[in-house]
Amino acid sequence: MAEILPTDPSYNRDMRLPGEPTPMGEAPYAIEVRGLRKVYRASGGQSAKEALKGIDIAVPRGSIFGLLGPNGAGKSTLINILAGLVVKSSGSASIWGFDIDANPRQSRASIGIVPQELNIDPFFTPAEALELQAGLYGVPKRERRTMEILRAMGLEDKADAYARTLSGGMRRRLLVAKAMVHNPPVLVLDEPTAGVDIELRKQLWDYVKLLHANGTTIVLTTHYLEEAQELCDTIAIIDKGEVVACEPTQTLIGRVTDKKLIVRTVWPVTPEQAVAIKGLRTEITASGALAILYNPVEAGVMDILDLLRASGIEIVDISTEESDLEDVFLQLTGSHRGQNGGSVSR
Ligand SMILES: Nc1ncnc2c1ncn2[C@@H]1O[C@H](COP(=O)(O)OP(=O)(O)OP(=O)(O)O)[C@@H](O)[C@H]1O
Ligand SMILES: [Mg+2]
């Protein structure tokens, strides 16, 4: 995989061409967003929607930055504004020091985006799609690395196959490949592992880690909190168009003073039952146990067990756990974890 990374010593992460404007000073941020608002206009019976309510985010250069939040929080809206696919209502955004309004060409050249939607032209082969993309970004023929990138994405043997014959996971990897053709210093991945099997997820993350180790700043959204916890050094949580937290991963996890009580029950507790237990923050674990978040200062285990018994839940066994990112997420957004072992929804 390493061979796709730049080896040319004249390679310049700055993306500046001779005679082009230089960014003000050396901005320490790969991405800087200030007071960013987006209101989608009303259309077709849908009322107007304020998807971003004036958010501030600064992604340090060289980080792996996680953007988390429940469905509809505004993550893709933010990413699509950076990609130039959605027009912001107000506020400012810059990429690698280039303002997206004042220097649209440089800012776009500084970022590669892997979109959430699988928007692949079915009539091109992966090799053609990459060549086309390289042409769009003005990458000279001798600098193109089409086969190298395809090899790194495990698509070498599909180079000349029509995209419509690729599986969903292969299509997603092709999107990652497309985002890489112009060798951007910032790579943004919007839900890159949705629909990708576990083996390929691991391969994709290994590749992302390699890019990061070689200097690429990574921004990713994922619904798999354990992935974010493992990969990201900094995490922002967005909820209903607002940033509710933005901190180093360990600080964020350390914020939770709550403990988790795991209760095994005689009969499986349904999500409806779990939500209905008044005054308790609950979730159902992947194994079907009931997990309860509680602050030991405010409530004792005995009080909680009394409440459960009063709700008609018969207890077999109890245990406690330390907090993780999932708990932070739950505490900050109030989202409930589903029974699908990791995704969050509401
Ligand atoms: N083109 C659009 N027109 C109108 N409303 C939109 C449009 N795109 C998104 N929205 C709305 O804006 C809000 C934010 O959507 P967005 O896609 O940014 O969320 P998200 O955080 O990426 O969610 P998910 O985790 O489901 O991908 C949602 O309420 C959504 O319905
Ligand atoms: Mg999205």
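Author: What follows goes from the chain as a whole to its sheets, its cores, its ligand and some single residues.

Author: This is a predicted model, in which local features need pLDDT of at least 70 and side-chain atom pairs count only at pLDDT 80 or more, while totals for chains, interfaces and linings use all residues. Residues are numbered from 1 along each chain as its sequence is written, and chains are lettered from A and ligands numbered from 1 in the order in which they are written.

Reader: What makes a stretch of the chain a helix or a strand, and how many helices and strands are there?

Author: Both are DSSP runs numbered from the N terminus: a helix is H or I over at least four residues, a strand is E over at least two. Counted that way, the chain has eleven helices and 16 strands.

Reader: Why is F329 called buried?

Author: A residue is buried if 20 or more other C-beta atoms, placed from the backbone, lie within 10 Å of its own, exposed if 12 or fewer, and partly exposed in between. F329 has 26 other C-beta atoms within 10 Å, so F329 is buried. Across the chain, buried residues make up 39% of the 346 residues.

Reader: Where does F329 sit?

Author: F329 belongs to helix α11, residues 325-333. Eight of the nine residues of α11 are buried, among them L325, V328 and L330. After α11 comes G334, with a positive phi near 70 degrees. In space, the C-alpha atom of F329 is 9.5 Å from that of L252, although 77 residues separate the two in sequence.

Reader: Why does D233 count as partly exposed?

Author: D233 has 15 C-beta neighbours inside 10 Å, so D233 counts as partly exposed. D233 lies in the loop between α7 (225-231) and β9 (234-239).

Reader: What is D233 in contact with, leaving aside its neighbours within four places in sequence?

Author: Two residues are in contact if their C-beta atoms, placed from the backbone, lie within 7 Å. By that rule, and with those neighbours left aside, D233 touches S63, I64, P248 and T249. D233 and I64 are 169 residues apart along the chain, yet their C-alpha atoms are separated by 5.7 Å. For the chain, residues 24 or more positions apart account for 72% of the contacts with a separation of 6 or more.

Reader: What makes a group of residues a nonpolar core, and how many residues has the largest one?

Author: A nonpolar core is a set of buried Ala, Val, Leu, Ile, Met, Phe, Trp, Tyr and Cys residues joined through C-beta atoms within 7 Å. The largest has 69 residues, and L82 and V188 are among those with the most contacts inside it. Helix α5 (residues 168-180) gives the most to this core, with seven residues. Another core, of nine residues, lies apart from it and includes I284 and L308.

Reader: How do you know that strands β6 and β7 pair, and in which sense do they run?

Author: Two strands pair if DSSP finds at least two bridges between them. Four bridges join β6 to β7 (residues 186-190), and the two run parallel. In this pair I113 stands opposite V188.

Reader: Why are β6 and β10 called edges?

Author: The six strands of this open sheet come in the order β6-β7-β8-β3-β9-β10, with mixed pairing. β6 (111-114) and β10 (242-248) each have a single partner strand, so one side of each is left without a neighbour in the sheet. The twist averages 15 degrees from one strand to the next, where angles run from 0 to 180 degrees between N-to-C directions of axes, lines fitted to C-alpha atoms, for helices over the stretch in contact.

Reader: Which strands make up the open sheet of four?

Author: That sheet has the order β2-β1-β4-β5, with antiparallel pairing. Strands β4 (residues 90-95) and β5 pair over two bridges, and S94 stands opposite D99 in β5. Helix α1 packs on this sheet, touching β1 (29-40), β2 and β4, and makes about 115 degrees with β1.

Reader: What puts a residue in the shell around ligand 1, and which element gives the most?

Author: A residue is near a molecule or strand if its C-beta atom, placed from the backbone, lies within 6 Å of it. The residues around ligand 1 include Y40, K49, G74, K75 and Q116. α1 gives the most, with three residues.
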